[in-house]
Amino acid sequence: MELHTETRDEALHVIVAEPRIDSAVAIRFKDRMREVAGDGPARVVLDLGAVDFLDSSGLGAVVAVMKLLGPGRTLELCNLTPNVEKVFRLTRMDRVFTIHPDTEAAFADKRSIA
Amino acid sequence: MTHPDPMRGGGLTPSNAGQSPADADAALPIVVDANPMGVRSALAEMRARFAPTAPGPDMLGMAETVLAEVLNNVVEHAYRRGGNGPIELRLERCGGRLKVDVRDYGDPMPDGVLPSGALPTCEDAEDGPPEGGFGWFLIRALARDLSYTRENGQNRLRFFVPLADA
């Protein structure tokens, strides 16, 4: 499970460099996210631009990551591919997460305030 | 009467590996072991067979989502008691739809009926949004004409899924 991270505008930008988050890797994804984002900036932006496919196990893992960040920290999403976006929309998890269309939008708010 | 053993392999149907899809191959069942990597190979084979003829950006998106949930359920529930049996997948394109027939030899559906697929809500869990329970919701949202039968130790789930992008 390859994740790339960078700190950007006082947020942690996590790029998932994998084509799938499915039942074969959902637990590994959650564990790796705990490693890279277990502590750190309050705001975590998960970039799913490379992820073509996410099943219900992967969706559950993303929800679990949000919970493991704990109170006072937020998990936001950006760069959803069409199939992944549809899974979030159908399950109404698009109401639970702040979803940005792309990386620029994910970090634009902070920049305009600064 | 289908026997569980013939053609069971590590993933891809042997005669189809590395070749362009042919009409004869389309009728062959895809047989995989009931585990997460078996599910992956079944989905890859589905794409290999139908992607070249499907128009549009990704007409197999809905099919892949539904099939993944159906196959994951077989792995996690039908064969949950330590079984690692086969899953047989038969696919046929019917115009704008994919006709799907999934067979396994694990436990029957509870009470012999398909789950309702109600969407889990935040109210169901005390600690925020649900982390599971989405599988049957997605299947019911995207599949059409679902039917389930249990005969001679075989589960058989049949349905159609539109060939449409997300």
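Student: What makes β4(B) and β5(B) paired strands in this predicted model?

Tutor: Two strands pair if DSSP finds at least two bridges between them. Strand β4(B) is joined to β5 (residues 154-162) of chain B by 6 bridges, and the two run antiparallel.

Student: Why are β1 (30-33) and β4 (144-151) of chain B said to stand at the edges?

Tutor: The open sheet of chain B has 5 strands in the order β1-β2-β3-β5-β4, with antiparallel pairing. Each of β1(B) and β4(B) has a single partner strand, so one side of each is left without a neighbour in the sheet. On average, neighbouring strands of this sheet are turned by 15 degrees against each other, direction ignored.

Student: How do you know that helix α4 (residues 135-142) of chain B packs on the sheet?

Tutor: Helix α4(B) touches β4 and β5 of chain B, and its direction makes about 125 degrees with that of β4(B). Contact requires heavy atoms within 4.5 Å.

Student: In chain A, what makes β6 (residues 74-78) and β7(A) a pair?

Tutor: There are 3 bridges between β6(A) and β7(A), which run parallel; at least two are required, so the strands pair. Cys78(A) stands opposite His100(A) in β7(A). These strands belong to an open sheet with the order β1-β2-β4-β6-β7 and mixed pairing. Its edge strands are β1 (3-8) and β7 (98-100) of chain A, each pairing on one side only.

Student: Why is the link between Lys67(A) and Glu131(B) called a salt bridge?

Tutor: The cut-off is 4 Å between a side-chain nitrogen of Lys or Arg and a carboxyl oxygen of Asp or Glu. The closest N and O atoms of Lys67(A) and Glu131(B) are 3.2 Å apart, so the pair qualifies. The count between chain A and chain B is 3 salt bridges.

Student: Which element provides the largest share of the side of chain A that touches chain B?

Tutor: That share, 8 residues, comes from α2(A). By class, this side of chain A has 12 nonpolar, 6 polar and 8 charged residues.

Student: How is the size of such an interface expressed?

Tutor: It is often given as the accessible area lost when the parts come together. Chain A and chain B bury about 2100 Å² between them, 60% of it on carbon and sulfur atoms. In chain A, Lys67(A), Asn83(A) and Leu90(A) lose the most area to chain B, together 24% of what that side buries.

Note on methods
Residues are numbered from 1 along each chain as its sequence is written. Chains are lettered from A and ligands numbered from 1 in the order in which they are written. This is a predicted model: local features need pLDDT of at least 70, side-chain atom pairs count only at pLDDT 80 or more; totals for chains, interfaces and linings use all residues. Side-chain values use heavy atoms; hydrogens and water are left out. Buried area is the accessible area (1.4 Å probe) that two parts lose on being put together, summed over both. Helices (H or I, at least four residues) and strands (E, at least two) are DSSP runs, numbered from the N terminus. Ala, Val, Leu, Ile, Met, Phe, Trp, Tyr, Cys and Pro count as nonpolar, Asp, Glu, Lys and Arg as charged, and the others, Gly among them, as polar. Axes are lines fitted to C-alpha atoms, for helices over the stretch in contact, and angles run from 0 to 180 degrees between N-to-C directions.
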